[in-house]
Every structure is written in C-alpha cells, then in structure tokens.
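Reader: Hi! I am new to reading protein structures. Could you walk me through this one?

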Amino acid sequence: MKKTVTAKKETDGPSPSRMIDGRIKELGDWRGETLKRVRALIKEADPDVVEEWKWRGVPVWEHDGIICTGETYKAVVKLTFAKGAALDDPAGLFNSSLDGNVRRAIDISEGAEINEKALKALIRAAVALNAAKVKKKPAKKQV
C-alpha cells in the first residue's frame with residue numbers, strides 16, 4: 001500500500017494559538033490572566049482541543065465542534081458554551097445567557113474564584129456531547 005503525503009495548509013498570518021497569546025498579552029490585566037487560566041484548564045480537560053480565532057478576534061476552543069468561546073469585556077471574561085443548554089451543570093457555573101435555547105455562558109469577574117474541577121468537568125461534558133453528535137450523523141449518500 002502506497003503512503004500519501006499531504007502538504008501542510010498554508011495560512012496568512014499567525015496561528016490561532018499565537019493570536020490568543022497576543023490577546024492575553026495585549027490585555028495585560030486581570031482579564032488576560034483569567035483568559036490564560038481558563039485556556040490552561042480547557043487544555044488540561046481536553047488535551048486534543050483545537051484553538052481557533054473567529055469572528056474578528058474571539059478565541060474559540062473546538063473538538064468535534066465548538067466547545068466554547070472566550071470573550072473579554074471590560075467587566076468580565078465570558079466563556080460561552082455553544083451547546084451549554086444541553087449540559088448538566090451541577091456546580092451552577094452557568095451564570096449568563098440562561099434564557100437561550102442552546103447556549104449558556106459563564107461570566108468571570110475580576111477576583112472571582114474559578115471552580116477548576118467543575119469547569120473541567122463541563123469542558124469534558126461538552127466534548128462528549130460534540131462527539132456523540134458526530135457519531136449520530138448519517139453517512140452521506142453516494143451519487
């Protein structure tokens with residue numbers, strides 16, 4: 001059997017991970033530190049997570065679909081879970097976007113404690129939900 005070699009996809013500019021590094025550095029305050037901390041927790045919870053940079057500057061973490069985004073505002077760092085309404089949240093981390101049918105968010109204010117164990121469990125649950133939806137997709141019909 002012959003091995004095929006695929007070329008690396010070329011991109012214009014820095015990688016999404018470098019863009020996130022830049023955002024953390026650019027913020028230079030508690031928001032940057034918070035974003036850095038939650039990013040590390042996301043990577044600990046899912047070592048196979050893929051970092052993206054979307055919508056004109058929003059860090060996004062994906063695994064078989066979007067897990068969550070990491071937006072920074074003046075008063076909060078907001079982690080928005082794309083399918084958060086479908087996730088169990090026994091620790092009550094979701095405190096924002098609670099009226100939506102699909103998304104849920106966690107607003108982290110300056111000085112707030114992050115329940116690391118609960119956040120990692122939520123990340124793992126989001127990954128499992130994404131993986132379950134990928135497995136349920138029917139095969140495409142051959143024409």
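Author: Happy to! Keep in mind that this is a predicted model. Let's begin with two helices: the axes of α1 and α2 come within 7 Å of each other and cross at roughly 145°.

Reader: Which residues of α2 meet α1?

Author: From the α1 side, the contact involves Ser17, Ile20, Asp21, Arg23, Ile24 and Leu27. The residues of this contact divide into four nonpolar, two polar and five charged. On the α2 side, the partners are Arg31, Gly32, Leu35, Lys36 and Arg39.

Reader: Which element gives the most residues to the largest nonpolar core?

Author: That core has 28 residues, and Ile67, Phe81, Ile106 and Leu119 touch the most other members. At least two residues each come from α1, α2 (30-45), β3 (66-72), β4 (76-81), β5 (104-109) and α3 (116-136). With seven residues, the element giving the most is α3.

Reader: What does isoleucine 67 touch, not counting residues up to four places away in sequence?

Author: Isoleucine 67 is one of the core residues that touch the most other members. Its contacts beyond those sequence neighbours are Asp46, Val49, Trp61, Glu62, Thr80, Phe81, Ala82, Ile123, Ala126, Val127 and Asn130.

Reader: How many aromatic pairs does a search of the whole structure find, and what kind of pair do phenylalanine 81 and phenylalanine 94 form?

Author: The search finds one aromatic pair. The ring centres of phenylalanine 81 and phenylalanine 94 are 5.4 Å apart, with 75° between the planes. Planes over 60 degrees apart count as edge-to-face, so this pair is edge-to-face.

Reader: Where do the two partners lie in the chain, and are they buried or exposed?

Author: The pair links distant parts of the chain, 13 residues apart: phenylalanine 81 is in strand β4, and phenylalanine 94 is in the loop between β4 and β5. Relative accessibility is 0% for phenylalanine 81 and 10% for phenylalanine 94. Phenylalanine 81 therefore counts as buried, and phenylalanine 94 also counts as buried.

Note on methods: Residues are numbered from 1 along each chain as its sequence is written. This is a predicted model: local features need pLDDT of at least 70, side-chain atom pairs count only at pLDDT 80 or more; totals for chains, interfaces and linings use all residues. Side-chain values use heavy atoms; hydrogens and water are left out. A nonpolar core is a set of buried Ala, Val, Leu, Ile, Met, Phe, Trp, Tyr and Cys residues joined through side-chain atoms within 4.5 Å. Buried means under 20% relative accessible area, exposed over 50%, partly exposed in between (1.4 Å probe, protein chains only). Helices (H or I, at least four residues) and strands (E, at least two) are DSSP runs, numbered from the N terminus. Contact means heavy atoms within 4.5 Å. Axes are lines fitted to C-alpha atoms, for helices over the stretch in contact, and angles run from 0 to 180 degrees between N-to-C directions. Ala, Val, Leu, Ile, Met, Phe, Trp, Tyr, Cys and Pro count as nonpolar, Asp, Glu, Lys and Arg as charged, and the others, Gly among them, as polar. Rings of Phe, Tyr and Trp (its six-membered ring) pair if their centres lie within 6.5 Å; planes under 30 degrees apart count as stacked, over 60 as edge-to-face and the rest as tilted.
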